[in-house]
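Please read the text alongside the sequence and the coordinates.

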Amino acid sequence: MKQATMRLLVLVFAVFALGRAFAAEGDDWPRRPIKLIVPNAAGSSNDTLSRILAQQLGQELGQNIVVENDAGAAGLVGMEMGKNSAPDGYTLIAGSPSATTIAANLRKKLPYDPLN
């Protein structure tokens, strides 16, 4: 992947996924490592892309991004773990299509809101 494309992906990821954290924490964010929950198995396409983005984002922020795979139930386990974490900007979720759109159409009630 070209360097410019990677930087664009990192920028998009940072703006959408971390926007609230920047506003809440101020200029000194991040002060500690950030956890990125991947609701898929290690080695999956979502995991691979998440690890590439985490490495680049960590370099841009000057902080470690720890990738944690919490697979199970088509992504529901990892999504719920992320939902239940503290809303402090130090836990991110690399949502997958199965956990955000497919599950919402297959189950009557999800333990999380995929839009929020």
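## The aromatic pair

A search of the whole structure finds one aromatic pair, where rings of Phe, Tyr and Trp (its six-membered ring) pair if their centres lie within 6.5 Å, and where planes under 30 degrees apart count as stacked, over 60 as edge-to-face and the rest as tilted. The pair is formed by Trp-29 and Tyr-90, whose ring centres are 6.0 Å apart and whose planes meet at 50°, so it is classed as tilted. Because Trp-29 lies in the loop between α1 (3-25) and β1 (34-38), and Tyr-90 in the loop between α3 and β3 (91-93), the pair ties together parts that are 61 residues apart in sequence. Helices (H or I, at least four residues) and strands (E, at least two) are DSSP runs, numbered from the N terminus.

Trp-29 counts as buried at 6% relative accessibility, and Tyr-90 is likewise buried, with a relative accessible area of 3%; buried means under 20% relative accessible area, exposed over 50%, and partly exposed in between (1.4 Å probe, protein chains only). Arg-32 lies over the face of Tyr-90, at 3.9 Å from the ring centre, a charge being placed over a ring if NZ of Lys or CZ of Arg is within 6 Å of the ring centre and within 35 degrees of the ring normal.

## Basis of the model

This is a predicted model, in which local features need pLDDT of at least 70 and side-chain atom pairs count only at pLDDT 80 or more, while totals for chains, interfaces and linings use all residues. Residues are numbered from 1 along each chain as its sequence is written, and side-chain values use heavy atoms, with hydrogens and water left out.

## Salt bridges

The count comes to three salt bridges, each defined as a side-chain nitrogen of Lys or Arg within 4 Å of a carboxyl oxygen of Asp or Glu. In one of them, Arg-32 is joined to Asp-88, the closest N and O atoms being 2.7 Å apart. This pair links distant parts of the chain, with Asp-88 in the loop between α3 and β3 and Arg-32 in the loop between α1 and β1, 56 residues apart. Asp-88 is partly exposed, with a relative accessible area of 23%, and Arg-32 is partly exposed at 41%.

Lys-35 and Glu-68 meet through their side chains in a salt bridge of 3.8 Å, N to O. Since Lys-35 lies in strand β1 and Glu-68 in strand β2, this pair ties together parts that are 33 residues apart in sequence. The side chains of Arg-51 and Asp-47 also form a salt bridge (2.8 Å, N to O), and because these residues are four apart in helix α2, they are separated by about one helical turn. Arg-51 is partly exposed, with a relative accessible area of 38%, whereas Asp-47 counts as buried at 3% relative accessibility. Leaving out residues up to four places away in sequence, Asp-47 touches Val-38, Ala-41, Ala-42, Val-67 and Asn-69, contact meaning heavy atoms within 4.5 Å.

## Nonpolar cores

The largest nonpolar core has 11 residues, among them Trp-29, Leu-36, Val-38, Ala-54, Ile-65, Val-67 and Tyr-90; such a core is a set of buried Ala, Val, Leu, Ile, Met, Phe, Trp, Tyr and Cys residues joined through side-chain atoms within 4.5 Å. At least two residues of this core come from each of β1, α2 and β2, and β1 gives the most, with three residues. Ala-54 touches Leu-36, Ile-65 and Val-67, not counting residues up to four places away in sequence.

## Gly-75 and its surroundings

Gly-75 is found in the loop between β2 (65-69) and α3 (76-83), and counts as buried at 1% relative accessibility. Setting aside neighbours within four places in sequence, Gly-75 is in contact with Pro-39 and Ala-99. The C-alpha atoms of Gly-75 and Val-38 are separated by 8.3 Å, although the two residues are 37 apart along the chain.

## The chain as a whole

The chain has four helices and three strands, which run α-β-α-β-α-β-α from the N terminus on. Of its 116 residues, 35% count as buried. Among contacts between residues at least 6 apart in sequence, 72% join residues at least 24 apart.
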